[in-house]
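Please open the model in your viewer and keep the selection tool at hand.

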Amino acid sequence: MTRTRLARLGLLLGCGVLALTACGSGGSSNSASGGGPIRIALNNTNDSLSVEVAQQEGFFKKHNITITPKTLSDITLVPSLLGKQYDVGFSVGPIMIRAAAQGVPIVAISGNDGDSPQDQGVQIFARKGITSVKQLQGKRIGSPTLTGNINIATKAWLSGSGVNPTGEQFVQVATPNMIDQLQAGQVDAVELIYPFITLAKQAGFTSLGDPERVLSSNYVGGTYWTADKAWATANPTEVDNFRAAMSDADKWITANPAAAYQISATYTKVTPAQAKLAPLGPYTTDVSAADLKIWGDAMHKFGGFGGSVDYSSLVFTGGK
């Protein structure tokens, strides 16, 4: 599903305002290798549901790890903070690929969720009066990241509908603020995931479709739990235990949708009724180099990406 789906990565070596918040929350550079908690950078959507479930339902404790979570609204900060303020961080394919191409030693230690024809977890909503993709030509579009998977998919989707994506005005907007920006006329369209898709529908806006369908007619992975390669290599047991806890959480979400929705509502700050209008999952710990290549190919075509990456090297295989 969901994917966040933000400042170019080459400029992220220093801490901005949000990074300073992250630095303050993460404490020192101590890592889980010394027996301390795994410091995890989450995002602010349903994409982080498995971590919340694993924490609340005791799956981390079951697998002998503890965590210190922190929610970030700007996930492009994550690659530059791994191995420093955070041990594990939420990321998406394009951000990982750009970081790796620039020499950041980032690896995916677990899958998370993606987009399928059934859930259509990424959708584009436009202001009232815009009813077709072609009407977006030259318009101002709010995106959670300017380098992430949703924005790359949106550009591919626009191009496939005859709209030149280079003529659009993409602006970075924090996901929780997008509907307000749309209502205020600050943007003409926004790139949304759940539960904000539900909120946009309740506000009277209409979806123009799921842009990720243009990349694949089947399920495509989009979000991942990542780590600095040196940390993952030094802590294979923690990596395996983290992945096992995520697997337990994924199964629990499927078996306990009502309780999962309650956790989702609390974490994403929506009502339980609003949370229940969003699909849950599919969540998975699987990581696929083939899915990462889908994003890399789209980046080359629509994202101005000229780097070269060995996609298999982005998948950590040092654990079990």
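A residue counts as buried when its relative accessible area is under 20%, and as exposed when that area is over 50%. The model shown here is a predicted one.

Begin by selecting D240, in helix α10. With a relative accessible area of 12%, D240 is buried.

Next, select D248 and K62, whose salt bridge brings N and O atoms to 2.9 Å. D248 belongs to helix α10 and K62 to helix α3 (residues 59–62), so this pair ties together parts that are 186 residues apart in sequence. D248 is buried at 16% relative accessibility, whereas K62 is exposed at 52%.

Now select R213 and D115, which meet in a salt bridge of 2.7 Å, N to O. R213 sits in the loop between β10 and β11, and D115 in strand β5, so the pair ties together parts 98 residues apart in sequence. Both residues are buried. In total, the structure holds seven salt bridges.

Finally, select helices α10 (residues 236–255) and α11 (residues 257–268), whose axes come within 6 Å and cross at roughly 110 degrees. That angle makes α10 roughly perpendicular to α11. Among the residues in contact are W252 and I253 of α10, and P257 and I263 of α11. The contact residues comprise seven nonpolar, one polar and no charged.

Methods:
Residues numbered from 1 in each chain as written. Predicted model: local features only at pLDDT ≥ 70, side-chain atom pairs only at ≥ 80, totals over all residues. Heavy atoms only, no water. Axes fitted to C-alpha atoms, helices over the stretch in contact; angles between N-to-C directions. Helix = DSSP H or I, 4+ residues; strand = E, 2+ residues; numbered from the N terminus. Parallel < 35°, antiparallel > 145°, perpendicular 65-115°, else oblique. Contact = heavy atoms within 4.5 Å. Nonpolar A, V, L, I, M, F, W, Y, C, P; charged D, E, K, R; others polar. Salt bridge = Lys/Arg side-chain N within 4 Å of Asp/Glu carboxyl O. Buried < 20%, exposed > 50% of the residue type's maximum accessible area, 1.4 Å probe, protein only.
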